[in-house]
Amino acid sequence: MATREITKVISGGIEYTKDDIRKMDEVTLRGLLHERAHHNIEVPIYPVAIKWKGKPIVGFGMHTQIVFDVWQEKGYTEDDPDIKWVKMYLELAAQVRAGEKPKLDAPLPEPFTEEEMKVVHKLLWERTSARGCWLDKEVPDEMLEKIMEAGRAAPIGCNLDEVRFIVLKTPEEKSWCWSDISTENSVIIVIAYDKRPSHVVGQDRSVPQNRGYDCAAAGDHMLLMAHALGLSGVWLTKRDVTAKKFKEQWGLTDENIEIAMHIAVGWPIIGTIKSSRAPLEYYMIRK
């Protein structure tokens, strides 16, 4: 199906011509590509496959194709995992346009075994928040990378990939971040977001809270991984205090980057008594 049938890309109620898209920087263009692959192909293709009627769907996925054409035009990488994901969905969309049932062969979720569920329960219910008592022992870069990889695996609204990490190790750097406990001997990971992906798809206006949610999901995954590695960690916020001071001290002049929260991780000196939660019934709101 020729692209001439669709000449504009619409995302979040905003119309973009191909020339508009050509003017976008790589981060902005990547955000638009992710969002279009999500809403223009990923979301509708599953109901299409389930209710397949054997007829071509004209223009299916062409918004994403137009954006990807510009991505290729600009010579940006096609080897990153996220771009390979986009290309996979573009191939499926081409099948739909050709009147072929899309070949969706992703595996279904399988229940965990009893032994696996023990590990899940152990991770969720034995993780504790550190109280500022860390050994004078370096956290290896390999562990920090695993922690940030866990953050990268967290869910992100519309796959916008706007979450960013900044690792702080020196006492001076860590002093730029608010904490109500000592961060001595810990490593602080600042979790920020790039404003451009959500801006180009209009989500900074329609769902501005999503950027903070995405950072929080990443932080939760990271603290779970820290616990699994034998480290202790703690979630720290007070964003308004940290953000301005940190950006000034770090020399972060890029107005596109905003601070959301930070976590501290390190080797514990002493275990923390796990806080207990109210019964499940207390959490329930019933009619």
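The model is predicted, so local features need pLDDT of at least 70 and side-chain atom pairs count only at pLDDT 80 or more, while totals for chains, interfaces and linings use all residues. Residues are numbered from 1 along each chain as its sequence is written, and side-chain values use heavy atoms, with hydrogens and water left out.

- Strand β4 spans residues 187-194, and eight of its eight residues are buried; buried means under 20% relative accessible area, exposed over 50% and partly exposed in between, with a 1.4 Å probe and protein chains only.
- Helices (H or I, at least four residues) and strands (E, at least two) are DSSP runs, numbered from the N terminus.
- In a regular strand, side chains alternate between the two faces of the sheet.
- Here, Val187, Ile189, Ile191 and Tyr193 point one way from β4, whereas Ile188, Val190, Ala192 and Asp194 point the other way.
- Strand β3 (residues 163-168) runs antiparallel to β4 and is joined to it by six bridges; two strands pair if DSSP finds at least two bridges between them.
- Across from Arg164 you will find Ala192 of β4.
- Strand β6 (residues 257-266) also pairs with β4 in the antiparallel sense, over eight bridges, and Ile188 stands opposite Ala264 in β6.

**A nonpolar surface patch**

- Leu280, Tyr282, Tyr283 and Met284 form a nonpolar patch on the surface, with about 520 Å² of accessible area together.
- Patch members have over 30% relative accessible area and no salt bridge; like charges are joined within 9 Å, and nonpolar side chains (Val, Leu, Ile, Met, Phe, Trp, Tyr) within 5 Å.
- A salt bridge is a side-chain nitrogen of Lys or Arg within 4 Å of a carboxyl oxygen of Asp or Glu.
- Leu280 belongs to helix α12 (residues 280-283) and counts as exposed at 65% relative accessibility.

**Aromatic contacts**

- The whole structure holds five aromatic pairs; rings of Phe, Tyr and Trp (its six-membered ring) pair if their centres lie within 6.5 Å, with planes under 30 degrees apart counted as stacked, over 60 as edge-to-face and the rest as tilted.
- Trp176 and Trp250 are edge-to-face, because their ring centres are 6.5 Å apart and their planes stand at 80°.
- This pair links distant parts of the chain, 74 residues apart: Trp176 is in the loop between α7 (171-175) and β4, and Trp250 is in helix α11 (residues 239-250).
- Trp176 is buried at 11% relative accessible area, while Trp250 is partly exposed at 33%.
- Ring pairs link Trp176, Phe246 and Trp250 into a cluster.

Key: Areas by Shrake-Rupley, 256 points an atom, 1.4 Å probe, with all protein chains shown as cover.
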